[in-house]
Amino acid sequence: ELQSNTLIVVLGASGDLAKKKTFPALFGLYREGFLPNDLHIVGYARTKMDKEEFHKREVSYIKNPANDEEVTKKIEAFQSISTYFAGAYDKDEDFQGLEKHLQEIESQYPTEERNRIFYFALPPSVFLDVAKGLKKNNYSERGVNRIIVEKPFGKDLESSRQMMVTLKKEWQEDETFRIDHYLGKEMVKNMLVLRFANIAFSAAWDKNSISNVQITFKEPFGTEGRGGYFDEFGIIRDIQQNHLLQVLTILTMERPVSFSAEDIRDEKVKVLRAIPPVEQKDVLLGQYVSANGKPGYLDDDTVPKGSVCPTFAALTLWINNPRWEGVPFILKAGKALNEAKVEVRIQYKDVTSGIFRDIARNELVIRIQPSEAVYIKMNVKTPGLVTRAMPSEMDLTYKRRFTDTKIPEAYEALILDAFKGDHSNFVRDDELDAAWKIFTPILHWIEGKKGPSPRPSPYPYGSRGPNELENFITGYGYKRVETG
Ligand code: BG6
């Protein structure tokens, strides 16, 4: 399915995302032989630099700790298929210069076909200019054209719609690949298999068996240096509205008719549309303060003084359909917490009373990162000459079970999908729209568009979050299960 006569242009090639994610992912795929043999990579950005300087930057984030000879050779080969072109993001003549550069590369192709992929590793301020400039000057009439774009897609329902309307004048939906990199993570992709390939799970996947679900994102560092961007968006737009909501849709959608991208996304949209907007009573906000020698959010020079932007949020969504009615889905995300962890925790109901009383609930935990795992908390008979139930665990930790398998990076998986033209793990326009509908009212409230902004509760850098968190979660019926 991979097309030959293909090149990829990385716009914003000197930026952070390109260096940290795009180029390492392209290299990872190249190294394993997943990309078309004749691929060319073209970097484009404002910074003036020659090819050598670009090559240096391109590889500066690629890890080769032991200076492995084979990897070094691959890096050199990767550089030999990469070039760079400097230009502005809003000037036709620069895009025309890029066009000449691309045509020169393409003049070596054995046939007339010309396929082009444009990767936008760009700040939102130049996004639409580039979409227009490329369409006008760099669109291939003799092959496929694709754009890969990244959030933020607007700031609320209205701005997102405006952006999409403008974008769609230039690029068709089937040419557009909207990245939510959580959809490229192994354990997120695994959820489709866990759910639909195991009757043991699918038979008890509803309000009759499940009490509550938590989807949690924790990071042990603050916004350090990224405060300017972050303060404009806040934790809910940064994490819940996209990453955690995507995880939720895969967890709760009905079984798609097939694996096709449209069948999967039809089901995702259906469940999203059954989720009413988040209500104020279902939200807990926090902001980290200085502790243990670490700076508070407001100590970051790039953050406006007195900002009430939340760096932590716990919020509960409800799904109004027969499968899920009444089950709380608690989405928690925070910066500057005590650990790095992303997981889904499904807590089952109590067993009906009778022979067992006060025994622990079952839980199914899908740990997305670090250390991918699926484990079940379950009750077993206390071994020995007594008949008592005790909670224990059945644990499938990937690095123990699949010792020889390298788990791909999310960006590797997604870029490969885009090369193949597979949209399954990309966000469709109506999905994005439904996601904004759920979060826009609460975001407007937080930003003071409906009266004074709520004050986030302070929590110390490196803690588990605001003090109110435990009550917030137990308020939705969660009971802690200790397996010792
Ligand atoms: C990004 C957010 O989308 O996801 C960042 O903007 C966050 O704030 C990052 O750190 C987390 O991604 P990952 O893959 O490290 O969990």
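These notebook entries record what I looked up in a predicted model.

**Annotated span.** I began with the UniProt record, an unreviewed entry, whose annotation "domain: Glucose-6-phosphate dehydrogenase C-terminal" covers residues 192-478. For that span I noted 30% helix and 23% strand, with the end C-alpha atoms 25 Å apart.

**Sheet.** I then traced an open sheet of nine strands with mixed pairing, ordered β14-β13-β12-β11-β7-β10-β9-β8-β15. I found β14 (389-397) and β15 (457-460) at the edges; each has a single partner strand, so one side of each lacks a neighbour in the sheet.

**Strands β7 and β10.** I looked up the pairing of β7 (residues 210-218) with β10 (residues 329-334) and found that they run parallel, joined by six bridges. Opposite Phe 217 I located Ala 333 in β10.

**Helix α9.** I followed α9 (residues 227-252) across β7, β8 (283-289), β9 (312-317), β10, β11 (341-348) and β12 (363-369). Its direction makes an angle of about 145° with β10.

**Helices α10 and α13.** I next examined α10 (residues 261-273) and α13 (residues 429-446), whose axes come within 9 Å and cross at roughly 15°. I noted their crossing as left-handed. On the α10 side I listed Arg 265, Lys 268, Val 269, Leu 272 and Arg 273, which meet Asp 430, Glu 431, Ala 434 and Ile 438 in α13. Sorted by class, this contact of α10 with α13 has five charged, four nonpolar and no polar residues.

Definitions and conventions
Residues are numbered from 1 along each chain as its sequence is written. This is a predicted model: local features need pLDDT of at least 70, side-chain atom pairs count only at pLDDT 80 or more; totals for chains, interfaces and linings use all residues. Side-chain values use heavy atoms; hydrogens and water are left out. Two strands pair if DSSP finds at least two bridges between them. Helices (H or I, at least four residues) and strands (E, at least two) are DSSP runs, numbered from the N terminus. Contact means heavy atoms within 4.5 Å. Axes are lines fitted to C-alpha atoms, for helices over the stretch in contact, and angles run from 0 to 180 degrees between N-to-C directions. UniProt positions are given in the numbering used here, feature names are shortened, and annotations may be inferred rather than shown by experiment. A crossing is left-handed if the near helix is turned anticlockwise from the far one by less than a right angle, and right-handed if clockwise. Ala, Val, Leu, Ile, Met, Phe, Trp, Tyr, Cys and Pro count as nonpolar, Asp, Glu, Lys and Arg as charged, and the others, Gly among them, as polar.
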